[in-house]
Amino acid sequence: MIAVLALLAGVVLGVYLDPTVPAALQPYLPIAVVAALDAVFGGVRAKLDRIFDDKQFVVSFISNVLVAGLIVYLGDQLGVGGQLSTGVVVVLGVRIFGNVAAIRRHLFRA
Amino acid sequence: MTVGPTRGGAEQRPDGEERGPAGRVYTADFLTELFGNPLDPGYADAAARRRSSPSPSGRPGWSSRTVSLVVVVALGFLFAVAYRQTVAEEPGRSQARAGLVAQIKEREAETDGLAARADRLREEVGRQRDAALSGSQASRLRRLEAGTGLGRVRGDGVVVRLADAPVADKDGLTGSGGGPPRVLYTDLQKVANDLWAAGAEAVAINGQRLTATSTIRSAGEAILVDFRPVTGPYEVSAIGPGALRDRFEDSRAAYLMRDLVESVGLSFQVREVEDVTLPAAPEPRLRYAEPSVSPSPSVSGSGVEGSSRPEPSGSGSSPSPSRGGR
């Protein structure tokens, strides 16, 4: 419950402050969002599994975002462009999908 | 995020793990692991750790709880920023495009308006000039204008119609390349040249009259006639003698085009038309060439006409179909 409120607070903060993203960081924003979504759904599933751990959540969020950004950067530098970030999206997408399926099983028992 | 041998929470995972003889844990390969167990193994590890050595209060410490909340706030912040960024970018792109399209349309309309105004003014000038000049001089001037393309002309002639091949079904990867075969600017050039050669006295492409300084060029995929874009189907109208059609049908350009019709599917038709009117071309701005006629127009008359009309039928005084302009 507190987490949901915190999430809403963050959204309100983002809307209210309306920061401009530096142009250099713009390519990393979408991939960071996907990585963050992975951390969120992992956390929710862990909560439902009753094995949630704060430290694990924080570390997974930060490392996910950083690693995803790093891979996009690496792809840019290597000249493979979007392909490497496509790989990141696929892996994270599969994880998100699996975690959401587990959450669904928890909530609906189906 | 750990892949490979793990310890600790391994017992909780139901999927394909085997304990080797030496007690090492072998996890399934990465993709199986990914699809079978999407949850970060760290959670299970942490839970196992907690179970084996429970903290005194049984609750996580306040500090880690706070950090977790801060991260959640940061998450919401990230989502909001990313959403706003995406929303802000999208209209920017389409707006820029729409703005450019609108600008092009506006400029085109402006050009059309100015061209119409120029036509009106030119007619006005012609009228004034006719009033000022004597009858014979005025008619001579009108004939000159008609011959050089600066005056509207009417008469019988032919219309050559060229069109791109119809859009065929694209077949997979290969069809995405060039699209259907298109009429090239060289086709228009050849047709126009052979119309002149066949005796045409006035030629216009899609209503753009060709003059001695006219250009037919390509710019990207567009064809420009006198720097104005023309789009297919292209109609090349020409006014000329009665045999114009037969002569043109025998020309190289006609042969080439008929060949293209058979090989790549362009469409090409020649038909005779009666009493067609070709518009006047805009006055060419000569920046480097200066007229060097002698002051008395009667002496240089035929010379000027001959030099400005490269095509063979230069007999401007004969009762040709291209009667006086306007």
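Begin by selecting Ala204(B), whose bridge partner in E5(B) is Arg209(B). This is a predicted model, in which local features need pLDDT of at least 70 and side-chain atom pairs count only at pLDDT 80 or more, while totals for chains, interfaces and linings use all residues. Residues are numbered from 1 along each chain as its sequence is written, and chains are lettered from A and ligands numbered from 1 in the order in which they are written.

Next, select strand E4 (residues 202–205) of chain B together with E5(B), which pair in the antiparallel sense over two bridges; strands (E, at least two residues) and helices (H or I, at least four) are DSSP runs numbered from the N terminus, and two strands pair if DSSP finds at least two bridges between them.

Widen the view to the open, antiparallel sheet of five strands, ordered E5-E4-E9-E3-E10 in chain B. Strand E5 (208–209) and strand E10 (267–278) of chain B stand at its edges with a single partner strand each, so one side of each has no neighbour in the sheet.

Now move to two loops. In the loop between strand E7 (222–225) and strand E8 (228–230) of chain B, select Phe227(B), a residue other than glycine with a positive phi near 65°. Phe227(B) is exposed, with 10 other C-beta atoms within 10 Å (exposed means 12 or fewer such atoms, buried 20 or more, partly exposed in between, with C-beta atoms placed from the backbone).

Finally, select Arg50(A), in the loop between helix H2 (28–48) and helix H3 (54–78) of chain A; although not a glycine, Arg50(A) has a positive phi of about 60°, and with 7 C-beta neighbours inside 10 Å it counts as exposed.
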